[in-house]
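Here is a friendly walk through one chain, from its overall layout down to single residues. Please keep the model open beside the text as you read.

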Amino acid sequence: MYFKIRKIQDYLINRKSLLRKNEVFYLQILHYMKLLKGTKINSILEGSCPVCQNESMYFEKNPYKLKETLKMKERCGSCNTKYKIEPSFFYGAMYVSYPVGIMFASATFILSYLIFGIGLIPTYCIIVFVMIFSLPIILRISRNIWINFFMSYK
Ligand SMILES: [Zn+2]
């Protein structure tokens, strides 16, 4: 994680005047993620190995490369933990994806209907759109939560 931050810092210094707001935002997120290292929240948000949290469980970091969304490594390259404890282990993640989906939908509802005061029907459409668009993230977060039920950081 530290090296990641260094890399981004160097990158920002090189670009000086071209510094964009979202890059600073990303840097801040990385900073807070560093504080979370060792907690299950870190592993769940990052999709990192639940035992050592040193590397991603997925081949592709970006969940929106849809062919790669659910492709996971067999073992952790850092601590050799086997992710798939038993055959079809990750089917259990389906049970998790339901409450995670509801959380996304509720957050959208609160933002759209209660905070921004957008009407009920447009809010419904926004929720449908958000649910479709966030599906890759929901799928991954569900898997990450599921595996974190069974394994802990050492
Ligand atoms: Zn590991």
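## Burial, and a first residue

A residue is buried if 20 or more other C-beta atoms lie within 10 Å of its own, exposed if 12 or fewer, and partly exposed in between. Please bear in mind that this is a predicted model. Where does Thr69 fall on that scale? Thr69 has 18 other C-beta atoms within 10 Å, so it is partly exposed.

Thr69 sits in the loop between helix H3 (40-46) and H4. Leaving aside residues up to four places away in sequence, Thr69 touches Pro63, Pro136, Leu139 and Arg140. Thr69 and Leu139 are 70 residues apart along the chain, and their C-alpha atoms are separated by 8.2 Å.

## The chain as a whole

Taken along the principal axes, its C-alpha atoms fill a box of roughly 50 × 50 × 30 Å.

How much of the chain is buried? Of the 154 residues, 16% are buried. Among contacts with a separation of 6 or more, 56% are between residues 24 or more positions apart.

In soluble globular proteins, nonpolar side chains tend to be buried together. In this chain, the largest nonpolar core has 14 residues, and Met57, Val96, Val100, Ile138, Ile141 and Trp146 are the ones with the most contacts inside it. Helix H4 (93-115) and helix H6 (135-150) each supply at least two residues of this core. The largest share, 5 residues, comes from H6.

Not counting residues up to four places away in sequence, Val96 touches Ser142, Ile145 and Trp146.

## Helix H4

H4 has 23 residues and reaches 31 Å from its first C-alpha to its last, close to the 33 Å expected at 1.5 Å a residue. Its buried residues are Ala93, Val96, Val100 and Ser112. What do the buried residues of H4 pack against? They pack against helix H5 (120-133) and H6.

Just after H4 comes Gly117, with a positive phi of about 65 degrees.

At 1.5 Å a residue, the 14 residues of H5 should span 20 Å, and the end C-alpha atoms of H5 are 20 Å apart, which agrees. H5 is hardly covered, as the count of buried residues among its 14 residues is 0.

H4 and H5 pack at an angle of about 145 degrees, with their axes 9 Å apart, and their crossing is right-handed. On the H4 side the contact is made by Gly101, Phe104, Ala105, Thr108, Phe109, Ser112 and Tyr113. On the H5 side it is made by Leu120, Thr123, Ile126, Ile127, Val130 and Met131. The residues of this contact divide into 9 nonpolar, 4 polar and no charged.

## Helix H6

The 16 residues of H6 should span 22 Å at 1.5 Å a residue, and the end C-alpha atoms of H6 are 23 Å apart, which agrees.

Which residues of H6 are buried? They are Ile138, Leu139, Arg140, Ile141, Ser142, Arg143, Asn144, Trp146 and Ile147. What covers the buried residues of H6 includes H3 and H4. Two of the names, Leu139 and Arg140, are also among the residues that Thr69 touches.

Most residues other than glycine have a negative phi. Gln53 has a positive phi of about 55 degrees although it is not a glycine. Asn80 likewise is not a glycine and has a positive phi, of about 65 degrees.

Gln53 lies in the loop between H3 and H4, and Asn80 is found in the loop between H3 and H4 as well. Are they buried or exposed? Gln53 has 22 C-beta neighbours inside 10 Å, so it counts as buried. Asn80 has 10 C-beta neighbours inside 10 Å, so it counts as exposed.

Key
Residues are numbered from 1 along each chain as its sequence is written. This is a predicted model: local features need pLDDT of at least 70, side-chain atom pairs count only at pLDDT 80 or more; totals for chains, interfaces and linings use all residues. A nonpolar core is a set of buried Ala, Val, Leu, Ile, Met, Phe, Trp, Tyr and Cys residues joined through C-beta atoms within 7 Å. Helices (H or I, at least four residues) and strands (E, at least two) are DSSP runs, numbered from the N terminus. Two residues are in contact if their C-beta atoms, placed from the backbone, lie within 7 Å. The expected span of a helix is 1.5 Å times one less than its number of residues. Axes are lines fitted to C-alpha atoms, for helices over the stretch in contact, and angles run from 0 to 180 degrees between N-to-C directions. A crossing is left-handed if the near helix is turned anticlockwise from the far one by less than a right angle, and right-handed if clockwise. Ala, Val, Leu, Ile, Met, Phe, Trp, Tyr, Cys and Pro count as nonpolar, Asp, Glu, Lys and Arg as charged, and the others, Gly among them, as polar.
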